[in-house]
Amino acid sequence: MQAFCFPFSLAVLFTAPLFAAAAENAGKTKQLIEVLQSPTADLHAKARACQQAGEFGTAEIIPVLAALLGDEHLSTYARSGLENIPDPAAATALRSALGTLKGDRLMGVVNSLGVLRDEKAVGALQQLASDPASGMVKPALLALGRIANPESIGAIQKAARSGPAQFRKEAASACLLAAERQVASGHSELAKAIYDDLRAAGLPKPLQAAAVRGAILVRGKGGLPLLLEQLRSSDPDVRNVALRTAREMPGSEITAALTAELKWAKADLQELLIGVLVERCEAHVLQPVETLLTSDSAAVRLAAIHALAKIGGPSSLPLLLKQLTSTNEGESSAALASLAEMQAAGINKSIAKELPRMDPKTRALLIGILGDRNATEVAPSLLEWARSPDAEVSTAAFKALATVGQPEVYAKLIPVLLATPEGPVRTQAERTVYLTSLRLPLERRVEPVLSAFRSASHAADKKTLIRTLGLLGTGPACEVVKSALQDPDETVREAAFRALIDWPDAAAMPALLQATGSNSTPTHRALALRGAIRLASREHSSAEAPRWFQQLNQSVSSPAEKRLILPGLAQLADEHVEGLQMLQDYLQDPSVAAEASAAVVQKAGAVVKGRSKVAQPSLLKALLETVAAGNGSKTQRDEASSLAKQLPGPGR
Amino acid sequence: MKEHPSSPAASRRGFLKQSLAATAGLVAAPAIIPSRALGLSGSVAPSNRITLGAIGIGPRGRQDLTNMIAEKDVQFVAICDIQRSRRESVKQMADQHYGNSDCQMYRDMFDLLARPDIDAVLIATGDHWHALASLEAAKAGKDVYSEKPCGMTIAEIQALADGMHRYGRVFQAGTQRRSQSNFQYAARMAHDGTLGRLHTLHASVYVPIKTYDWLPAEPEPPKDECDWDRWLGPAPWRPYNKLYVQGRWRGHHDFEAGGNFLDWGAHTVDLCQWANQADATTPLEFEATPTSIIGRYANGVTLICDFLPTAFGDRSPQYRTSTGTCPVRYEGDEGWVETGDSGEIALSNSLVKKQRQFKMPGTSNAEHGRNFFDCVKSRAMTICNQDVMRKSHLACFAAQMSWQLGRKLRFDPVKEEFIDDDEANRMRSRAIREPWSFHI
């Protein structure tokens, strides 16, 4: 692969950053010239040198690049250089090449002259464009379109109008480019003439459509009649381009004309025009769109409903509410979505006001919408609806409150919770209380629930509040729940025990450790063990964590229980050497040695990758070496051995 | 796994996971109701279907096509690829889906584009073909869904965006994350004031690389197997090597836009532009550091394109690994939100007090394609239309060039040129290999 090796000095250029100041460019250009003229430099080096010439090269390299324009492999690279060197000599060099090249190489040069918009090339390009034998008619026409001076425009207009049929598409494309250039430079009249010429040229549809679009836009408001004519076309291709063009035309006069058109248009156009009008965000569009909610066309009605999501105001609310009860499922769900999305001021309160008039099913839907809308201002109303005897309504209200309930609602939710019959609705209410509590600081979450618990007399209420306290956590709540273990009602005692098992903080640990003892029933003992291991693992950084794990270690007896504790020991080992010491013991226990080995390897892998830490790396290394020398699989032993080498500490 | 300090403590249990998921759905509903749920994509009469063709379908294009072909109002009818194996593989997929043998194969895209029955095309070639193929499709009267990056240079992006307007076509850039619910949710937090005054946007990108090397020359295969000259298309000539056509074109200056910056940057910078409501502009200046490229918008917001050494692994400390690939983070006075392809919405502690963190479904292209097809029907602008794509791609190119040149660059987003930096301006375009040109 000698041909593609880096040449001598160019390697420096490739690896060096390219932040050369202008003064340095001359020197670097000289290096590029050396590469391009070197008999030993390969194609790759020369190609890159050409590209770099385009990036920072100076005029001195232009003749060298020009010499490569006829090269089969390097001509594009050379043109990259020439197109980007800001010196008129580059265009001169390209023009000179027009008379010496043929075929694709010539085509490339013609293209580059178009890129450079080289007006001095117009004469030569015109010659090529008018001579089919040159094989350059198409690129020359397009280059003339890019150049777009009066002379070149005349040539391409003529070609588009009356030139050979096989080149008229390119001539038209060139005219489109030229017209855009005229618009950009403020010559709208000339652009208009070009577009109008093209419209009359009998072009293929896409080009015809582009010409019509241009003709409309260049006229500004004056293009409106032509736009409407296109919109009314029975040809969908023509109409589609008009629909896009309408979106490009600013101004309320255009909006007014399109709105007027809406009234008389056929249904298929109405449906599409609604979309155009919505995007214009003008207030006077609303009423005509609302009128179309009663259209005979289902597609138009649906489009109008969707539109109200964006432009709907208070007047739209009763109309959308009516659509909610539509037998057309698409329309009712679209109405629901639009209600959720409408941005007009006061909509939330307006929806809340309508709730008493609705049937329960619709009411529940609307309450859901208020939740979707995050309608915090209607929370008092939702609290009332949460007391509804209709389960669908009250569930919807609780769900909505979970979203909109702010701190001031929290304490008010608890009596509503206790007033809710047991069952799925109360379960939802408990979720809502918990989710609302998250918006308060930790210290303010518990007291309202504790207060309610102190005055609760029914077992069902006590259980609900215990479950809630179990979600909130904290020491004071834990003490109250622990005291409920002595409640005369067995179901309350069980609820308290279950809450402690899932307690979110370490406050429950003493009670759980106690329950892992022999005085508990086997079921409670197993549950308490799992709860305590979960909690100890979660709080593994705590100074008390080693003591908890040691106590748990003494409580576990069966291999299944020992396996439960292993992951927690690996976590404990982050900051406490006791975790490693206990793992060391388990490596020697035949009933769980395999699982302990796996835990050690997994832990070490995480440590090596920087995803975990370990209190004493040397001890972890020793454990790995034990695993490596053990009876595990070869894969495991190899991995342990490899990991051990990556940890600090004396090796065996 | 240890929870992040700001995670809600109680997310540990199924009961609460259920609650959070339920609530998340409620909170997010208004912005993410998919069009299919609104009755826009039901059973469709054949005469009302959008007829789709595809050009250049490799692994990424196949993902797009799999979603598109599942749309009931879309009929996929033709595949063009210069590699026979890929043509045949796509035809097999389509024919299996429809239970017929109607999908036509083409080696030359102009034969496909000449079909008057085709309404729209999916373009998923290598980067160097995207702009030219899109423009030729527009000139043939087709609407275009193009994979990103949509062009190789600033000049190509300008030509592409102008051309889509010129021919009145609907265009969708394949920056599909704008259509995904978690990214929409995060953008809405930036827009609705939840984050307070926005000040910093983080866009994850690969550690930039760019290679000018050529792979060793190999004998060219028969044209029917793989037409190398057509594969190169507008890119400058270089000798054939099978690795290029197998996907190893990435990172090569002549084949991948902006080195590798736009691979993720086209998504993440685009998302930041959106969060900043800056679709019509770009940052005004760009400056590379050893770990990032920093951009500054006129409204005072800073864009930080963070280099991720292990983009597909551990993304800490810049981002949470749990938010997945392509993460972005928006920071305001009131807090921050971070999200990525895992769908997780991660929030600052300050925001966790006000609302909950949750996880939304991860990457799916389906809604982005749906948005394109809806716009093909309505003629509306897509969510990632040519104007949105133009500015976000330009921001990417300008950022990448500041890294490549190793200096601060100032950029005029109206004139779309660098201020007082000739070298940067000269790098905005490259010559196109004959016989191709952008004079379309």
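**Strands, helices and side-chain pairs**

Tutor: Start with strand 8 (residues 285-288) and strand 9 (residues 292-296) of chain B, which pair in the antiparallel sense over 4 bridges. Two strands pair if DSSP finds at least two bridges between them. Helices (H or I, at least four residues) and strands (E, at least two) are DSSP runs, numbered from the N terminus.

Student: What should I know about the model itself?
Tutor: It is predicted: local features need pLDDT of at least 70, side-chain atom pairs count only at pLDDT 80 or more, and totals for chains, interfaces and linings use all residues. Residues are numbered from 1 along each chain as its sequence is written, chains are lettered from A and ligands numbered from 1 in the order written, and side-chain values use heavy atoms, leaving out hydrogens and water.

Student: Back to strands 8 and 9 of chain B. How many residues lie between them in the hairpin?
Tutor: The hairpin has 3 residues between the two strands. B:Ala288 has B:Ile293, in strand 9, as its bridge partner.

Student: Which residue is the bridge partner of B:Phe286 in strand 15 of chain B?
Tutor: That is B:Leu409. Strand 15 (residues 409-412) and strand 8 of chain B pair in the antiparallel sense over 2 bridges.

Student: How many helices and strands does chain B have?
Tutor: Chain B has 14 helices and 16 strands. Of its 440 residues, 66% count as buried. Buried means under 20% relative accessible area, exposed over 50%, partly exposed in between (1.4 Å probe, protein chains only).

Student: New topic. Why is helix 5 of chain A largely enclosed?
Tutor: Helix 5 (residues 75-84) of chain A has 10 of its 10 residues buried, so it is largely enclosed by the rest of the structure. Among those buried are A:Tyr77, A:Arg79 and A:Glu83.

Student: What covers the buried residues of that helix?
Tutor: The cover includes helix 3 (43-56), helix 4 (62-66), helix 6 (88-98) and helix 7 (103-115) of chain A, together with helix 14 (422-426) of chain B. Contact here means heavy atoms within 4.5 Å.

Student: Salt bridges next. How many are there over all chains?
Tutor: A search of the whole structure finds 72. A salt bridge is a side-chain nitrogen of Lys or Arg within 4 Å of a carboxyl oxygen of Asp or Glu.

Student: Which parts does the B:Arg230 and B:Asp108 pair tie together?
Tutor: Their side chains meet in a salt bridge at 3.1 Å, N to O. B:Arg230 lies in helix 8 of chain B and B:Asp108 in the loop between strand 3 (104-106) and helix 4 (109-113) of chain B, so the pair ties together parts 122 residues apart in sequence.

Student: Is B:Arg230 buried or exposed?
Tutor: B:Arg230 is buried, with a relative accessible area of 19%. B:Asp108 is partly exposed, at 24%.

Student: What about B:Glu256 and B:Arg250?
Tutor: They form a salt bridge, with the closest N and O atoms 3.4 Å apart. B:Glu256 is buried at 3% relative accessible area, whereas B:Arg250 is partly exposed at 41%.

Student: Last one. Which residues form the aromatic cluster?
Tutor: B:Trp228, B:Trp231, B:Tyr240, B:Tyr244 and B:Phe255 form one aromatic cluster.

Note on methods. Rings of Phe, Tyr and Trp (its six-membered ring) pair if their centres lie within 6.5 Å; planes under 30 degrees apart count as stacked, over 60 as edge-to-face and the rest as tilted.
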